[in-house]
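Subject: Structure handover

Hello,

Here is the structure I said I would pass on. My notes on what was found follow below.

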Amino acid sequence: MAGIAFGRFDDSFSFGSIKAYIAEFISTLLFVFAGVGSAIAYGKLTSDAALDPAGLLAVAVCHGFALFVAVSVGANISGGHVNPAVTFGLALGGQITIITGVFYWIAQLVGAIVACFLLKFVTGGLETPIHSVAAEVGVIGGVVTEIIITFGLVYTVYATAADPKKGAIGTIAPIAIGFIVGANILAAGPFSGGSMNPARSFGPAVVSGDFHDNWIYWLGPLIGGGLAGLVYGNVFMRSSEHAPLTNDF
């Protein structure tokens, strides 16, 4: 079994840990600014209330590119989680301590909120779009969809970045992570919104003041990310091969 470690407060306030929190804040801010910004830009350039196929493709590509960069710039400092569901999955798989994970969450959520406030300012107060579930899908379908696509994301993180047996494949981890997010948005965007990231959904909800269905983008991604961490950590990684880490994976 992969070991879940609670951690120590003194380790979580070390200089290295504080740098990791700052890195997560910056990486999440950059990702959310680009991701939400692409949706706002689409709304600015068109009069459509909903994304058409070209708009969906553009938003998916933007999210994939932005996450590739956000993971890359944070990888050597914090591990480049950029997502509370990723952090949760890595914690359940024994790759980061619970205490440090909580501070990662705080940094990620604050980064997402700041990014959305900045977008509100620089766009002259344009509406901040929030994630929502298609009417024909319903909340259950939305939760299940978010579970599946977030499982795929966190499983990819484990296979390409966290597994000590990854070898040379680790060099393309940020690309693979960006690709799976872009692909999942293309597949799930019209149905659940394709979030996979509680921070990505929470920031726009805070700025817009609209928390309608926001719980879906916590429950689904956390279940999916947690399942991926438990499966990969316990089935494909033996406990003797790794120990809980604080600042990287």
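Is Cys62 buried, partly exposed or exposed? Please keep in mind that this is a predicted model. Cys62 has a relative accessible area of 22%, so it counts as partly exposed; the cut-off for buried is under 20%. Cys116, in contrast, is buried, at 0% relative accessibility.

Cysteines: the disulfide count is 0. Cys62 takes part in none, and the nearest cysteine sulfur to it belongs to Cys116, 13 Å away. A disulfide would need the two sulfur atoms within 2.5 Å, so the 13 Å between the sulfur of Cys116 and that of Cys62 is too far for a bond.

Salt bridges: the whole structure has 2 of them. One joins the side chains of Arg8 and Asp10, with an N to O distance of 2.4 Å. Asp10 is partly exposed, at 44% relative accessibility. Another links Asp163 with Lys165, at 3.1 Å from N to O. In that pair, Asp163 is buried, with a relative accessible area of 4%, whereas Lys165 is partly exposed at 49%.

Helix packing: helix α2 covers residues 15–45 and helix α5 covers residues 98–122; their axes lie 7 Å apart and the angle between them is about 40°. The two helices are therefore oblique to each other. The crossing of α2 past α5 is right-handed. Sorted by class, the residues in this contact are 19 nonpolar, 5 polar and 1 charged.

Regards

Technical notes:
Residues are numbered from 1 along each chain as its sequence is written. This is a predicted model: local features need pLDDT of at least 70, side-chain atom pairs count only at pLDDT 80 or more; totals for chains, interfaces and linings use all residues. Side-chain values use heavy atoms; hydrogens and water are left out. Axes are lines fitted to C-alpha atoms, for helices over the stretch in contact, and angles run from 0 to 180 degrees between N-to-C directions. Helices (H or I, at least four residues) and strands (E, at least two) are DSSP runs, numbered from the N terminus. Angles under 35 degrees count as roughly parallel, over 145 as roughly antiparallel, 65 to 115 as roughly perpendicular and the rest as oblique. A crossing is left-handed if the near helix is turned anticlockwise from the far one by less than a right angle, and right-handed if clockwise. Ala, Val, Leu, Ile, Met, Phe, Trp, Tyr, Cys and Pro count as nonpolar, Asp, Glu, Lys and Arg as charged, and the others, Gly among them, as polar. Buried means under 20% relative accessible area, exposed over 50%, partly exposed in between (1.4 Å probe, protein chains only). A salt bridge is a side-chain nitrogen of Lys or Arg within 4 Å of a carboxyl oxygen of Asp or Glu.
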